[in-house]
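Here are my notes on the model you sent.

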Amino acid sequence: MMQIYIIAFLALLGRSFAIPQNIPGGRRYPEGSRGDRAGHEPGSSAAEKDFINEELLCSGDMSTPYNETCWNTLKVAEYIVKWEQEVTKCQQGNNTCHCTLEGFPLKDPDSLDMPQNRYVVRNLFAINNFFVNWYAAMQFATSTAALAVPKIIATLDPEKEADTTLEAILTALTVGLPFLSLPAVGALVPAATGAAGTLFVTALQQAPSVTEAIWKSDGESTQVVQMGELASELGELNGKVGEMLDRGLAIIMTNVSTFAKFASSGSFSGPDAISIPKETAKLDLAFKAHLVTKAMSANDWWVYYGPTDNADGTWSNSTLESNAERYVCNTTPKDNICDLIDSHGVPPMCQPEDWSIYTSNVTHRAYYPSQQQGRNDLPSAHLLHAIADNEWGSLEAMMDGAYDCEVNKGGPSPGSAFQISEDGRFSLTCLSQLHIVNGCPDVATKGWQEGCNWFLERHKDPPLFRNGECV
């Protein structure tokens, strides 16, 4: 379905022509010849790349490998935009071949010897294949997300109180690729997957109209969906996901200026195809993180943030190790969780037995989730471990994201998972729907030990911590 846009773009640039078989991979050579080097593409080995004369790197010679720097070295963007501005516009019924300037890009197969044209074709195929592979990977991500939903609901929303909108679901699913580029998520995904996400985010920032096309509100996806019904709903969403991706690819392939901006980083010009495997793991992380935090908020979970490393030195640097010493809790280093499970005694800071915290490696801030209104559906420690053990999302992205969204106002107001700014940049901050508050409201007057009663869960009873002692 999406591949027709290559032909649409070529129609913008001139009359139809037969695409040579050596595109997009480069000229084919007899197996074992110097050009083939044991049957491989030219430039596929490090030794061969070193062998190539630098002067030929961005030439039209099809024997040279593609290179990321050539898009800008050859000023390909300026080349095709200038052509579009200068070409004589055809009227209906005119022969396209006779109403374009002489020397327009891709006029015929021979023009591929022009180095700029070679990179135009390379990017056309690379970008098209990127979107096609992304769509295939999204179908796999949707299926894995559907498998995770029942356990998330059973753990966090047993009474099925949470709901969301179809638009929020589609957004959380499709921002999965950009989500993988976040530093807070990096440790959970393969390097190549994170790199693909980063490449995509860079391209979107250069071409904000693509962002707007993919994630624009269609006014038809505002229907409310109960969390408990999501597993069955997800199976019906592949078509809508395809429509969203299709809108993004369409504007790239039908608008020369947008195509030039989207390709401007040069990442699609390299010798290796930027692809997303069909069974890309973790592409559903953004969806699961959104679902988990939405379910937590609907079931009266609040998150209290505690001491951090302030500029005035009020606190010592908050790390997993320092928190373990400060609160005498048990650590799970791989997840940065410290809890009081099987603590056998009254903790020195008087925390309840189900108390647990997550410490962010990025902000050095500690977070304690607590269920309100006298509810205790799930101990805090078990909640954090369930999220980490089941890989329902990055705790760092959930906690720091909620802080930035609600406290720092780094994103849209809670309730909106995604926002596009005027310059085309988008924020995933509020993908986390947690309700987060200051757990140390009296720290300025009482110090952290007695001023953090909310963070330490000591607000339900008379003060239990006085003069540095648990009483």
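1. Y358 stands opposite Y367 in β7, and the bridge partner of T359 in β7 is A366. Strand β6 (residues 356-359) and β7 are joined by two bridges and run antiparallel. Strands are counted as pairing if DSSP finds at least two bridges between them. Helices (H or I, at least four residues) and strands (E, at least two) are DSSP runs, numbered from the N terminus.

2. A word on the source: this is a predicted model, in which local features need pLDDT of at least 70 and side-chain atom pairs count only at pLDDT 80 or more, while totals for chains, interfaces and linings use all residues. Residues are numbered from 1 along each chain as its sequence is written, and side-chain values use heavy atoms, with hydrogens and water left out.

3. Between the strands of the β6 and β7 hairpin there are six residues, and H364 takes a positive phi near 60°.

4. Is β7 (residues 366-371) mostly covered or mostly uncovered? The strand is mostly covered, with six of its six residues buried; buried means under 20% relative accessible area, exposed over 50%, and partly exposed in between (1.4 Å probe, protein chains only). A366, Y368 and S370 lie on one side of β7, Y367, P369 and Q371 on the other, and all are buried. In a regular strand the side chains alternate between the two faces of the sheet. In β6, S356 and Y358 point one way, I357 and T359 the other way, and all of these are buried too.

5. β7 also pairs with strand β3 (residues 301-305): five bridges join the two, which run antiparallel. Here W301 stands opposite Q371 of β7. As for β6, its pairing with strand β5 (residues 337-339) is antiparallel over three bridges, and D339 stands opposite S356.

6. What is the strand order of the open sheet? Its six strands run β4-β5-β6-β7-β3-β10, with mixed pairing. At the edges are β4 (330-332) and β10 (435-438), each of which pairs on one side only. The twist averages 30° from one strand to the next. Helix α14 (residues 320-327) lies across β4, β5, β6 and β7 and runs at about 155° to β6. Axes are lines fitted to C-alpha atoms, for helices over the stretch in contact, and angles run from 0 to 180 degrees between N-to-C directions.

7. Next, a helix pair. The axes of α6 (residues 166-174) and α13 (residues 285-298) come within 6 Å and cross at roughly 140°, which makes α6 oblique to α13. Angles under 35 degrees count as roughly parallel, over 145 as roughly antiparallel, 65 to 115 as roughly perpendicular and the rest as oblique. α6 passes α13 in a right-handed crossing; a crossing is right-handed if the near helix is turned clockwise from the far one by less than a right angle, and left-handed if anticlockwise. A168, I169, A172 and L173 of α6 make the contact with A286, F287 and H290 of α13, where contact means heavy atoms within 4.5 Å. By class, this contact has six nonpolar, one polar and no charged residues. Ala, Val, Leu, Ile, Met, Phe, Trp, Tyr, Cys and Pro count as nonpolar, Asp, Glu, Lys and Arg as charged, and the others, Gly among them, as polar.

8. The other pair is α9 (residues 208-215) and α11 (residues 238-254), which pack at an angle of about 150° with their axes 7 Å apart. That makes α9 roughly antiparallel to α11, and their crossing is right-handed. S209, V210, A213, I214 and W215 of α9 meet M244, R247, G248, I251 and I252 of α11. The residues of this contact divide into seven nonpolar, two polar and one charged.

9. For the protein chain overall, the secondary structure comes to 17 helices and twelve strands. Of its 471 residues, 51% count as buried.
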